[in-house]
Amino acid sequence: MSETKIGRREFLTSVGVVGAASASVNALAPVAAEAQTASQAAATPPAAEAAGYEYLKPVEQAFVEALVDHMIPKDELTGSGTELGIATYIDRALAGAWGKGARLYKDGPWQRGTPNQGYQLPLTPAELYRAAIEGSNAYCRKTFGKDFDRCNPEQKEAFLKDLAAGKITLEGGLPGRAFFVVLYDNVMEGMFADPIYGGNKDKAGWKMIGFPGVLANNAENVKKYSDGKKFPANPISIADMS
Amino acid sequence: MVTKLPPVDILIVGMGWTGGILAKELGPTGLKIAVLERGGTRSTQNDFSVPLIRDELRFSQRHDLMMDVSKDTYTIRNKPSEPALPMRRLGSFLPGEGLGGAGAHWNGVTWRWPDHEFRIRTKYEGRYGKNFIPADMPIQDWGITGAEIEPYYDKFEYTAGVSGKAGNIKGQIQPGGNPFEDPRGRDYPNPPLVANHASKLFAKAATELGYHPYPRPAANSSRPYTNPDGMLLGQCQYCGFCERFGCEANAKGSPHITVIPVALRYSNVDLRTYCWVTKVLMDSTGKKATGVAYVNVLTGEEIEQPADLVILAAYGLSNVHLMLLSGIGKPYDPETQTGVIGKNYAYQGGSNVALFFEGVSFNPFIASGGWGTSIDDFHTNWNFDRSKHGYIGGSYISVGGSNGRPITYRPVPPGTPPWGSAWKRATAKWYQSALAIGASGMVMPNRYNTLDLDPTYKNRFGQPLMRMTFDFKDNEQKMNRHSAEVIGQIGRAMNPTIMGNPNPRLTWNVVPYQSTHNTGGAIMGTDPGTSALNKYLQSWDVANLFVMGASAFPHNSGYNPTGPVGALAYWAADAIRERYLRNPRQLV
């Protein structure tokens, strides 16, 4: 990784706009473009690592960044969710075929159904995020007096716990639990999917647990490590082999 | 505008395990055979190479090799009083699509279901009395015996390169194998896969408790292997990307490297991919199939393909769906308990428990697909007394562990918060130090577990979706609670640092993956009044229609279905080639 490459997060930090991203992204565009040029001069990064957002709007960016940093905090094990690229991962997933409803049966009529019947909303994942982030911020404003990304850690924790427990119905009757189920999967995907998708930056998720990635040949290892001894993983990603 | 093609002698719907076996076995007749596959072609080099195939997000989370439910899906409900709603995403089960079908992305566990399952009603009535079988449980004999099918199990195991250890060769119990299995003519083609640390701990505890552990048989080749058709399999590399993925080492017995290329050597076998069969066409008597209607999904063109003999060899659920869409056989009505199509739909149950061993590494990413260590003391063991537990069936219990892929495999002890630094620390600490014991339980048919056509929802061709009505009933709940007790007992004997709560499956939820072992709906049997097919998988109603797959199973075992699916395809192919084609008629 080039030392001259500057991530969006560091950018926002360096110019003191974290927490006010919604108003500032466009103003930063020329600087971001400069950083991108510097980065390309060193090495052409995979598209998923490119700075900026493809689908999420500024308020949604702030929500997702705050969410992934709360769920995956920076600590002795890894950097924060945004440092791991999880917000970028989510943005790219929503902008891509999955976000637009690929492999989702979309025909009506629609009914809520029982929990055993699974996802039954008429929304693609991208549409769900759009509506549910708006609804979540409205809920947080009503409950805590501010948008989710401006809430303190205790308020964020309380909101997410209630969302996960199915205690929150968002604006328009949207079931909060349906949003949580999708976003939780997405956070885990952003942490542990191959880095070509924009998350799991520097294979940090894999290094945290000792997952070796796309390692090909264990016919000998399976015998050598069949007694409780730990396999020394040095994770390899798809890009490493391409 | 429908294009009508010149007739063929034999038309096969679907090119997975069963379509491949039928095409390979019928190829030598020289008859004109067309095989229609709704998905595209697949090859190891182009589809399963490294690093492309080692992509958990694409293949496991986004189901790249599987059925696309935006085009066709099922509606689902737990009981007839509920509205059925579409399965909008894949989850609980994962049918395949494309050349090789689910045989490309299966794990490879390959069993021989025993004789007492094929004669289930006779055996249970004989031992426990007629009243032991609940009135709403239409279990019935299959019309075959274990001895009849044994040579065909052998054929399939040698085709797919199964690795295992025989437990009973011609009546002689073999040390280290499953002592409860039926007699077999010879051992597996390949020796067992390596036993990992988790398997060793399980085997030790199970043995101390008086159970009989043995290596689970798997179509993951433990060494380079040439099958009887001359097809080469590589050696399993224990890569940890088996189920949901294709094998880059050609070590997983899969149709695209075994039966399909052999079938395609015959110039009279014509494979057509991207051809989606929408209906079996019938003559005016309703007793004879005249061919099929299909859509070329690349152009949308509608085509009629006349044929003398039609063989349904798609995924089992799709076979039943096609029969219902084509009006073949009488649809089953659970109220009157008459009709046969859609009857005896079953799934698979079980229980599981997670164990955590501080400071021990199981290296879960070093894994084969079907490997593991199992016990059959509560399953194929006919001497296990079911009357004490009050259920029909049983469960086999294993430690396997085919998957350390971290988007889906992230075991943490009970009580761990689901996010935050505490979650990260627990995940980092326990990811390598956990194992799971799983029980896979039989499911008996129930009159209200059925398949039929949905009245509301349609597929991309405007045809009704198939509706699945299913839940685990009292019999299965008792069985799964019992297996949960047993896995808890074994788990404690393994002396873990922490053990989770053994968790029995009590209701069917379509979201989490459980098993792609959907059975029944077009079942074989001895009586046209209670089954759709005779013992050769030939339709009772339409003599020139044969129906392959697990849809023919009158009940579901705890065992995985691919062993008997493959064996019965070989068995039916023999009957078609040696008997039916010489004189086309009802064989029974």
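Reader: Which residues of helix 10 of chain B are buried?

Author: First, keep in mind that this is a predicted model. A residue counts as buried if 20 or more other C-beta atoms lie within 10 Å of its own. In helix 10 of chain B, residues 420-430, that picks out B:Lys424, B:Thr427 and B:Trp430.

Reader: And why are they on the same side of helix 10 of chain B?

Author: Because they cover an arc of only 155 degrees around the axis.

Reader: What covers the buried residues of helix 10 of chain B?

Author: The cover includes pieces of both chains: helix 8 (204-209) from chain A, plus strand 16 (349-356) and strand 19 (434-441) from chain B.

Reader: OK, on to the contact between the chains. How many residues does each chain put in?

Author: The general idea is that the size of an interface is often given as the accessible area lost when the parts come together. Here we go by residues instead: chain B gives 56 and chain A gives 52. On the chain B side, helix 10 makes the largest share, with six residues. Helix 3 (56-61), strand 5 (85-86) and strand 20 (450-458) of chain B each bring at least two. By type, the chain B side splits into 25 nonpolar, 20 polar and eleven charged residues.

Reader: What does chain A look like, read along the sequence?

Author: Its pattern runs α-α-α-α-α-α-β-β-α-α-α, which comes from nine helices and two strands. Chain A has 242 residues, and 40% of them count as buried. For contacts in chain A between residues at least 6 apart in sequence, 59% link residues at least 24 apart.

Key: Residues numbered from 1 in each chain as written. Chains lettered and ligands numbered in written order. Predicted model: local features only at pLDDT ≥ 70, side-chain atom pairs only at ≥ 80, totals over all residues. Buried ≥ 20, exposed ≤ 12 C-beta atoms within 10 Å, placed from the backbone. Helix = DSSP H or I, 4+ residues; strand = E, 2+ residues; numbered from the N terminus. Arc of directions from axis to C-beta. Contact = placed C-beta atoms within 7 Å. Nonpolar A, V, L, I, M, F, W, Y, C, P; charged D, E, K, R; others polar.
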